[in-house]
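Open the model in your viewer and keep the selection tool ready. We will go stop by stop.

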Amino acid sequence: MKRSLLFIALCGLISTPSWTQDSVTRARQLEASGNSAGALQALADAAARSGASENDLAAYAHALDQYGGAGARDAYAKFAARSTSPLQKQSALRRLVLLSL
């Protein structure tokens, strides 16, 4: 429960256009209803789109990290590479290093 709240809080910190917010909102709703696998799949689909936003990539990386997904390192690397915010890039790279230990 605590990790779910952290995931939701992290997703809410990143401001996005309304069309990208839909995938994160949908994932939050799925997770709140107990469908964690569906939430992760919704975020995976959003992050895999050719026009995936920074928010989609960040939310997917955080979700994989939260659930111990094997692709968390790759997701954080992709998010860090695409991030335009120095603070978000630094945070993603820090988490990437920690996952590599």
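Select H4, residues 54–66. This helix is mostly covered: eleven of its 13 residues are buried (under 20% relative accessible area with a 1.4 Å probe, protein chains only; exposed is over 50%, partly exposed in between). Among the buried ones are Leu 57, His 62 and Gln 66. Helices here are DSSP runs of H or I with at least four residues, numbered from the N terminus.

This is a predicted model, where local features need pLDDT of at least 70, side-chain atom pairs count only at pLDDT 80 or more, and totals for chains, interfaces and linings use all residues. Residues are numbered from 1 along each chain as its sequence is written, and side-chain values use heavy atoms, leaving out hydrogens and water.

Now check the length of H4.

Next, select Ser 53. It sits in the loop between helix H3 and helix H4. Is Ser 53 buried or exposed? Ser 53 is buried, at 12% relative accessible area.

A side-chain oxygen of Ser 53 comes within 3.3 Å of the backbone nitrogen of Asn 55, at the start of H4. The backbone nitrogen of Asp 56 lies 3.0 Å from a polar atom of the Ser 53 side chain.

Finally, colour by pLDDT, the predictor's confidence in each residue, from 0 to 100. Confidence is lowest in helix H1, at a mean of 51, and highest in helix H5, at 95.

Notes. Helices (H or I, at least four residues) and strands (E, at least two) are DSSP runs, numbered from the N terminus. A polar contact is a pair of N or O atoms within 3.5 Å; within protein, one must be able to donate a hydrogen and the other to accept it, and residues adjacent in sequence count only if both atoms are side-chain atoms.
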